[in-house]
Amino acid sequence: MNPLHEEKVFKDPVHNYIHVQDSTIWRLINTTEFQRLRRIRQLGTSYLTFHGAEHSRFSHSLGVYEITRRIISQFERSGYPDWPKEERLLTLCAALLHDLGHGPFSHSIEEAFHMNHEDWTRRIVTGDTEVNGILSEIAPGFPDKVSSVIAKTYDKPIVVNLVSSPLDADRMDYLLRDAYYTGVNYGTIDIDRILRMLRPYQGRVVVKESGMHAVEDYLMSRYQMYWQVYFHPVTRSSEIILRQIFRRAKELYQDAYSFGFMVEPLPQLFEDRLDVKDYLKLDEALIQTAFLQWSYEDDRILSELCTRFMHRNLYKYVEMDSVDLEMIDEIRREFEQAGMNPEYDLEIDFPTDLPYDVFRPGDESSQKQILLLDRQEHLREISEVSDIVRSISGIHRGKYHLYYPEDKLEKAITALSPSISRIFKL
């Protein structure tokens, strides 16, 4: 470790203070690649549902670093022999940089363009970047080590556990941070208790059995946050429109449509030929500027979608216990006959399609388990001990949602059959 001459601190609403004691971490924070995360919201389009959810990937990444620093400091103070002290800097760097490759609106743009933020994180870490230059000063192969931790392939699972596991610094920070900024109480976990109960044991991170109730509370909070915040149907409506904008813009670009506004790296995005330099130009300010300009495009579909997104005129939805494909085909036919466009005016959604990792007990992969360490130093998966965890884990709860533009459907009501009108409660 290369200590700073003077410790740097960030005032943080979740952790109170974030402490930076190493010059490598401080320099990484000040790279252009890491500063870009200030321009990427942590919760994508959730700010259209929860108006306070304007926090960034930057603040979350600092929080993950801080939790990881606290865990490691506790391990080292306690002198646990199973903690490899030489991995301290690697773990802190991986924690800080784990979300470096997130794009604008995060998971929505990934779905639209079949991208993966972890792949981009690894490309940034190992590419021609400021981050890579700083990491390479530690050792020539150090960037590849950081990349392997993010890819979960590093040969010391205990390092991966701290950054990516069912009870990792990433999840603990985003539960606390997302709850704080959305104004809900579900994610308020006893993080101090959890951190005190963590132990390095036999090459991985486990939980002292007396800390089981704090972990139960964590998993319950996580369960509630998924259903009340991350799976919120209004947020999903905004994500659907966002994805449709990207789809329509790409279709028009491929058809050689003459855009009134186009700026790099959007052509490279539509042509699936982004390199790291191009990708780092993508942020939410650029995308929203494009959407604002595209709301005046001659193409009616793109213009309407962008206007809806920018002014929060979202699609409405109806809930259904099940979806019959013949019924959906009939809805599409009637929408088209009524002058609507079923390709853009109708979307079927089910919450389990969302890219969130709901905890499921008994997973064969030890990296996806939460293990309790009892007084006899026996390990047991938490669901073997906890009735609460068994009752909430891996539940596929939720209903289908049919999304549609209410204003357009109301104008087309006379062209719809009574059976279809009843579905949409018209």
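Let's start with I331 and its contacts: setting aside neighbours within four places in sequence, I331 touches L346, L402, I420, I423 and F424. Keep in mind, everyone, that this is a predicted model. I331 sits in helix 18, which covers residues 325-337. Is I331 buried or exposed? Its relative accessibility is 0%, so I331 counts as buried.

Now, on to the nonpolar cores. The largest one has 116 residues, and the members that touch the most others are L97, V146 and W294. Which helix gives the most to this core? That would be helix 12, residues 212-230, with 11 residues. There is also a second, separate core of 16 residues, and V318, M320, A412 and L416 are among them.

Back to W294 for a moment. Not counting residues up to four places away in sequence, W294 touches I245, A249, F259, F261, M262, L266, F270, L302, S303 and C306.

My last stop is a pair of helices, helix 7 (residues 130-138) and helix 8 (residues 142-150). Their axes come within 7 Å and cross at roughly 110 degrees. Angles of 65 to 115 degrees count as roughly perpendicular, and helix 7 and helix 8 are therefore roughly perpendicular to each other. Who makes the contact? On the helix 7 side we have N132, L135, S136 and I138, and on the helix 8 side F142, P143 and V146. By type, these residues divide into five nonpolar, two polar and no charged.

Conventions. Residues numbered from 1 in each chain as written. Predicted model: local features only at pLDDT ≥ 70, side-chain atom pairs only at ≥ 80, totals over all residues. Heavy atoms only, no water. Core = buried A, V, L, I, M, F, W, Y, C linked by side-chain atoms within 4.5 Å. Buried < 20%, exposed > 50% of the residue type's maximum accessible area, 1.4 Å probe, protein only. Helix = DSSP H or I, 4+ residues; strand = E, 2+ residues; numbered from the N terminus. Contact = heavy atoms within 4.5 Å. Axes fitted to C-alpha atoms, helices over the stretch in contact; angles between N-to-C directions. Parallel < 35°, antiparallel > 145°, perpendicular 65-115°, else oblique. Nonpolar A, V, L, I, M, F, W, Y, C, P; charged D, E, K, R; others polar.
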